[in-house]
Amino acid sequence: MPRHKTRTPRLVKAPSGIRGLDEITRGGLPAGRPTLVCGAAGCGKTLLAMEFLVRGALEHGEPGVVVGGHSYGGRVASLAAAEPDAPYAALILFSYPLHPPGAPERTEARIAHWPAIRCPVLLISGGRSDLVS
């Protein structure tokens, strides 16, 4: 019986617009599939996500939803959404730190940029969070 070569379908990529990332991923992230980015706190996961969303919106017309994680990731996401012409469709913040633990007097400084955010914002926090009390 003759053997037929089967072609593997080409993986469609979504270019990130981030110089270097598109080269090492051979054209961008897989389109229509989730991509997991792992790393320790402070390694730049949120900055990568923000850059990906901004470039997608500005260079490819794809609006994005910003999701900020606990503490610093949420702050970075909200600060980016407060920038003039931020192209986000929505902002979702998990356990946003309204103030450093034990320093509720610093709340105003943490939310001073909020009036500049033009997209809808959803804050999600547990009832026992020290960061919102």
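This is a predicted model: local features need pLDDT of at least 70, side-chain atom pairs count only at pLDDT 80 or more; totals for chains, interfaces and linings use all residues.
Colleague: Is His 113 buried or exposed?
Modeller: Let's compare a value with a cut-off. A residue is called buried when its relative accessible area is under 20%. His 113 has a relative accessibility of 15%, so His 113 counts as buried.

Colleague: Which side chains make a polar contact with the side chain of His 113?
Modeller: Good one to check in the structure. The side chain of Trp 114 is joined to that of His 113 by a polar contact of 3.5 Å. A polar contact of 2.8 Å links the His 113 side chain to the side chain of Ser 78. The names you want are Trp 114 and Ser 78.

Colleague: Now to strand β3, residues 64-68: which of its side chains are buried?
Modeller: Follow the strand and you will see its side chains alternate between two faces.

Colleague: Which residue in β4 does Val 66 stand opposite?
Modeller: Start with the two strands: β3 pairs with β4, residues 88-94, in the parallel sense over five bridges. Within β4, the residue opposite Val 66 is Leu 91.

Colleague: And how many helices and strands does the protein have?
Modeller: Read along the sequence, the pattern is β-α-β-α-β-α-β-α-β. The secondary structure comes to four helices and five strands.

Methods
Residues are numbered from 1 along each chain as its sequence is written. Side-chain values use heavy atoms; hydrogens and water are left out. Buried means under 20% relative accessible area, exposed over 50%, partly exposed in between (1.4 Å probe, protein chains only). Two strands pair if DSSP finds at least two bridges between them. A polar contact is a pair of N or O atoms within 3.5 Å; within protein, one must be able to donate a hydrogen and the other to accept it, and residues adjacent in sequence count only if both atoms are side-chain atoms.
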